[in-house]
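Thank you all for making time this morning. I would like to walk through one model with you, and I will start with a question once it is on the screen.

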Amino acid sequence: GALWFTNQGNNSIGRITTAGVATAYTGTGIDNPQGITTGPDGALWFTNGGNNSIGRITTAGVETNYTGTGIDNPQGITTGPDGALWFTNLSGNSVTGNGSIGRITTSGVVTNYTGPASGAVIESPPAITAGPDGALWFTNGDSIGRITTPGGPAPQLVQSAGSSTKTVTLPAPSKPGDLLV
């Protein structure tokens with residue numbers, strides 16, 4: 001078995017075996033990698049904060065880099081219950097000027113959730129994980145955020161701070177790529 005990690009210091013994705021043998025993968029698209037997760041396709045997916053992209057690397061070291069609208073200073077990444085990868089953007093939210101939550105399919109189609117113009121907001125979220133309730137949970141400024149995935153109820157952002165909770169239904173995103181299977 002092996003462990004995979006991001007290595008910001010030398011712009012690489014690292015692999016280390018349990019025996020301590022390390023390998024560094026330094027593809028041209030790897031720039032300030034942040035978060036890493038195993039994708040539903042068996043590859044490792046990671047965020048590149050340095051070049052505003054989402055990277056994918058196979059266990060054989062073959063790298064693919066995805067760029068485009070909806071990826072802006074990505075940090076955390078996780079595999080969602082819907083079979084897509086979900087990531088946090090520290091910036092790039094045209095509604096609030098803060099961060100957003102992004103979704104990328106294994107074929108590279110990106111959707112960006114910026115939140116509503118008022119109410120609960122997404123504030124430069126650095127980390128995200130899939131919760132046991134089938135939703136995605138993320139750190140969010142001074143709160144913890146929760147967003148439901150497509151296919152379930154309408155995507156919602158729930159923000160918890162102290163003893164108060166706000167739930168705001170997000171507008172349905174435009175996902176033209178979902179029908180191109």
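Which side chain meets R146 in a salt bridge? The partner is D133, and the N to O distance is 2.9 Å, where a salt bridge is taken as a side-chain nitrogen of Lys or Arg within 4 Å of a carboxyl oxygen of Asp or Glu. R146 sits in strand β14, residues 143–147, while D133 belongs to the loop between β12 (128–130) and β13 (136–140), and the two are 13 residues apart, so that the pair links distant parts of the chain. R146 counts as buried at 18% relative accessibility, whereas D133, at 41%, counts as partly exposed; buried here means under 20% relative accessible area, exposed means over 50%, and partly exposed is in between, with a 1.4 Å probe and protein chains only.

Before going further, a word on conventions. This is a predicted model, in which local features need pLDDT of at least 70 and side-chain atom pairs count only at pLDDT 80 or more, although totals for chains, interfaces and linings use all residues. Residues are numbered from 1 along each chain as its sequence is written, and side-chain values use heavy atoms, with hydrogens and water left out.

Now the overall picture. The protein has 16 strands and zero helices, these being DSSP runs numbered from the N terminus, with strands (E) of at least two residues and helices (H or I) of at least four. Of the 181 residues in the protein, 43% are buried. If we take contacts, meaning heavy atoms within 4.5 Å, between residues at least 6 apart in sequence, then 35% of them join residues at least 24 apart. The protein exposes about 8300 Å², and carbon and sulfur atoms supply 52% of that area, as given by the Shrake-Rupley method with a 1.4 Å probe, where for residues only the protein chains shown count as cover.

Four strands, in the order β8-β9-β10-β11, form an open sheet with antiparallel pairing, two strands being paired if DSSP finds at least two bridges between them. Because β8 (74–79) and β11 (110–113) stand at the edges with a single partner strand each, one side of each is left without a neighbour in the sheet. From one strand to the next, the twist averages 25 degrees, with axes fitted as lines to C-alpha atoms and angles running from 0 to 180 degrees between N-to-C directions. Strand β10, residues 100–104, is joined to β11 by four bridges, and the two run antiparallel; in this arrangement I101 stands opposite Y113 of β11.

The salt bridge we began with is one of three found by this rule. In another, D82 and R103 meet with an N to O distance of 2.8 Å, and that pair links the loop between β8 and β9 (85–89), where D82 lies, to strand β10, where R103 lies, 21 residues apart. D82 is partly exposed at 24% relative accessibility, while R103 is buried at 8%. There is also the pair of R56 and D41, whose closest N and O atoms are 2.8 Å apart: R56 is in strand β6 and D41 is in the loop between β4 and β5, 15 residues apart. Here R56 is buried, with a relative accessible area of 18%, and D41 is partly exposed at 33%.

What about the aromatic side chains? The count comes to three aromatic pairs, for rings of Phe, Tyr and Trp (its six-membered ring) whose centres lie within 6.5 Å, with planes under 30 degrees apart called stacked, over 60 edge-to-face, and the rest tilted. W45 and Y66 have ring centres 5.6 Å apart and planes at 10 degrees, so the pair is stacked. Because W45 lies in strand β5 and Y66 in strand β7, residues 63–67, this pair ties together parts that are 21 residues apart in sequence, and both residues are buried. W86 and Y113 are likewise stacked, at 5.4 Å centre to centre and 20 degrees between the planes. With W86 in strand β9 and Y113 in strand β11, that pair ties together parts 27 residues apart in sequence; W86 is buried at 0% relative accessible area, and Y113 is buried at 3%.

Finally, two backbone details. N32, in the loop between β3 (22–25) and β4 (33–38), has a positive phi near 55 degrees although the residue is not glycine. N52, in the loop between β5 (44–48) and β6 (53–57), has a positive phi near 50 degrees, again in a residue other than glycine.
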